[in-house]
Structure formats: C-alpha cells, structure tokens
Amino acid sequence: MVAAAVPAVEDRERQIWNVLESVPDPEIPVLSVVDLGIVRHVRWVADSDGQSRLHVGITPTYSGCPATEVIRQSVATALNDEGYAGAVIDEVLSPPWTSDWLTDAGRRKLESFGIAPPQRVVANPRHLFRAHVVMCPRCGSGATERVSEFGSTPCKAHYRCTSCLEPFDYFKCL
Amino acid sequence: MSTVTAAQPGCEALFRYVLRLGDTSLVLGQRLAEWVGHSPALEEDLGLANLSLDLVGQARLLLTYAGEIEGQGRDEDALAFLRDAPAFVNLTLAEQPNGDFGRSVVRQFLLDAWQLEVYEGLLKSNDTRLAGIAAKAIKETRYHFRFSSGWLVRLGDGTEESHRRVQDALHDLWRFTTEMFVADEVDDALTAAGVAPDLAVLQPRWSARVDEVLKQATLVRPAPVAYQWHGKHGVHTEHLGHMLAEMQHLQRTYPGAQW
C-alpha cells in the first residue's frame, strides 16, 4: 500500500520538536522554547470538525510575562514556515511551569550567556526560599550577594559577585 | 471534567466570585504600575513593576474566565476597560492611593497575605480551572509576600521616621481589612459547593501570618474596626473612579484600539 509515504507518529512529532528547538525565547534568545520547558505537548488531534490538526501546548512562565504573546506568534510562524500551516497553539496553565523544567542544555546555555541558572529546588516548596549559594557565571565564585529579587524580566533576580565585582542576572526558582 | 461551568446552576455566584478576585488583582496591579519611575531606588522600581505585571497577568486569567462564565461575550479587555467604578467588585483596600513607599508596602503586605490564603484554599477547589489559576498565582504571590514583608520589617524596625510612617499607614489602612473576611451569599454558596475556601477558616490563618511579621517589624496591630466597606459589592471610596479614568482613558477615547 502507500503506508511508506506516511512517517510514523513519533517521526512527525520529532520533526515538530526540531522546529521548536529553533524558536528562541524573545527575552533570553540563547534559550529555545524547548530549553525553557514551556512546550507541554506536540500532538495531532481530531478537532470537532473531524479534521486532524497539529496542536502545540505552550505554558507561560509567569502569569504576566509579556513574552508569552510573542512566543505564541513565533511558534506559529516557525511552524508555518516549515510547512505546518494552521497549527493550533494551546495555552496550558496546569500544572504550572516551574524553573525545574529548564533542560540541562538550557542551563548550560544560560551560564555561558552570563546568567546563573536556577537551582533545582522547586519540587520541595520548603527548599524554595532557603538560602542557597548562587555561583557567579563569570568567574565561578560562590561569593555573591543578592541585590534584588526582581530583575530585568519576571524570571530573573539581580545579583552581584563580591569576588570579581561583576553584576549578573540569576534565573530565579519558581 | 469536574469543572463547574456556566451551564450549571450557581454560575451567577461563580461569575461574581471570580470577578472579585480578578478586579482586586487588576486594581492593585494598576496602583503598583503608578510607581514606575517614582520608586525610592531602581531596584524597588523594578520590584514593584514585577509585582504589577504578575498581578495584571493573574487578573487576565481571572477576568477571561469570568467573561466565559458570564457568557455575554465580554473578554478580559471589555471587563477591565469598559466598566465604570460601581461595576468593579475589588476589595476596597486595593484601590487606596499609593501614598509614600511605606504606605504602599503596608497595603501590599496586607493583600499579599490575603491572596496567599485565598490561593492556598483554591488549590483544593473542585473548580479545576480556578484551582489551576491559583496554582500558578500562588508561586508568584510567595515572592510578593517576601518583598512586602521584608520591606515592612526594614521600615518598621528601621529609623524613627520610617517606623512612624508605616505604623501610621497600618492604622489608616487596617479598617479596610475586615472586608476581606465578611462572607456574603456569593461566598457562602461557593464555599458550600466546594469551589471557594471558607473565609471563616482563612481569617485566623491570615491574622497569624500578619502578626508574625508585625512582631518582627516592631509594629502595633491596630484594634479591630467594625465592618463598613463594600468594595466587593461595587460601593467604593472616591479613589477608584480617578484611578479608572486614567487606566481606561485610551479604550474609552479610541474604542477597540489595539497595538
């Protein structure tokens, strides 16, 4: 039959994930939306009109993050450019995003970009606000201090290194 | 899905309830936005802007849901920008003017502590949509409470002048806190339905949370005041109308304007 012309579901989904890995976060462009852990699902769903459509689930990092709208558009545009017109972007609210979902690759990219990656502590809320050492992404020193818990974007806190004296951003735990 | 939907009886109460939560977040978020460019330090300017952004984001989720429950085609923007003050049902405390930084910190602290209790209670709501919004919001609110309680301690246990200012603000704003816990028929119906937490249960928890920080801040808890504010019934202090005039100006002048 013609089955050979239709890729397996896993392959089709893999292709979409590959496309999404090329979509940058508008605020921290070294990270893709996949690195950020905000892509919650990629699947083909038969909608109420009987048509099977590609659905991509995106969750916001912070409720009011202004980047969310831009990300939706970037994802839709990237998929369209790769020939997946008419993809549906689902907004997924629960379970809520956590900084623990940042991928290992994402953490490494953040650090080389000069942003200290978040600690993996959110799984236990009691650890969330425990004092922990944030390493300076520039010189690697643990001699750092918090300037403000609120930084240039909702997801970042403002720190400075008392060893190399450089200010830096810390991607905070949520 | 076990979600309570507009198709089920009691949706009017649910609409009012969600609208109140959304309005309180929106009005408080707008007040904080007024600080942008005026804060005592750049870090606090960013901090207050971040809090504002979170609150407006939470308001969007809540007002969108309220509009869907109502089923009259009103979205978040219609609810935020095209209602007059008497149609707003926020807590009266949220609309109180910023005053000095200390006064804004006191207002924020009292409302953060309230939101923490409400969202905590809503995590167990049998309305899954509301529980999902609460699960998202409570993570942000924990940061807000850290900010406001941290500043309250620094100002209260700071200089004579800073102590005097926050203590005065606390005395002045305390009368608006009773409203947080006075249940009406909307609260009663939704508590009975397992949608909303029982305000009678939240009150002592809020009180203990507030007392703990006041003690650290060396501040005196004001005496209880008889309930006399009705923001959640649409009866407001004179301040809300002025705030809305500015907030809604663009949409009122150029209806449907987008960017």
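**Strand pairing in chain A**

I began with β5(A) and strand β6 (residues 156-161) of chain A, which pair in the antiparallel sense over four bridges; I keep in mind throughout that this is a predicted model. Looking for a particular pair of residues, I found that Glu145(A) has Arg160(A) as its bridge partner in β6(A).

**The whole of chain A**

Next I looked up the elements of the chain, and I recorded five helices and seven strands for chain A. Read from the N terminus on, the elements of chain A follow the run α-α-β-β-α-β-α-β-α-β-β-β.

I also checked burial, and of the 174 residues in chain A, buried residues make up 32%. Among the contacts in chain A with a separation of 6 or more, I noted that 48% come from residues 24 or more positions apart.

**Two domains**

I looked up the domain assignment, which divides chain A into domain 1 (3-97) and domain 2 (106-171). Where these two domains of chain A touch, the contact takes ten residues from domain 1 and eight residues from domain 2. I sorted the side of domain 1 of chain A that touches domain 2 of chain A by class, and its residues divide into six nonpolar, two polar and two charged. Taken over C-alpha atoms, the centres of domain 1 and domain 2 of chain A are separated by 28 Å.

**Between the chains**

Turning to the contact between chains, I found 16 residues of chain A in contact with 20 residues of chain B.

**Nonpolar cores**

Which residues have the most contacts inside the largest nonpolar core? I noted that this core has 74 residues, and that those with the most contacts inside it are Val18(B), Leu62(B), Ala66(B), Val106(B) and Leu110(B). Apart from this core lies another, of 32 residues, which includes Ile28(A), Ile115(A), Cys155(A) and Ala157(A).

I went back to Ala66(B) for a closer look, leaving aside its neighbours within four places in sequence, and found Ala66(B) in contact with Phe15(B), Val18(B), Leu19(B), Gly22(B) and Leu79(B). One of these partners, Val18(B), is also named among the residues with the most contacts inside the largest nonpolar core.

Technical notes
Residues are numbered from 1 along each chain as its sequence is written. Chains are lettered from A and ligands numbered from 1 in the order in which they are written. This is a predicted model: local features need pLDDT of at least 70, side-chain atom pairs count only at pLDDT 80 or more; totals for chains, interfaces and linings use all residues. Two residues are in contact if their C-beta atoms, placed from the backbone, lie within 7 Å. A nonpolar core is a set of buried Ala, Val, Leu, Ile, Met, Phe, Trp, Tyr and Cys residues joined through C-beta atoms within 7 Å. A residue is buried if 20 or more other C-beta atoms lie within 10 Å of its own, exposed if 12 or fewer, and partly exposed in between; C-beta atoms are placed from the backbone. Domain bounds come from an automatic or database domain assignment. Ala, Val, Leu, Ile, Met, Phe, Trp, Tyr, Cys and Pro count as nonpolar, Asp, Glu, Lys and Arg as charged, and the others, Gly among them, as polar. Two strands pair if DSSP finds at least two bridges between them. Helices (H or I, at least four residues) and strands (E, at least two) are DSSP runs, numbered from the N terminus.
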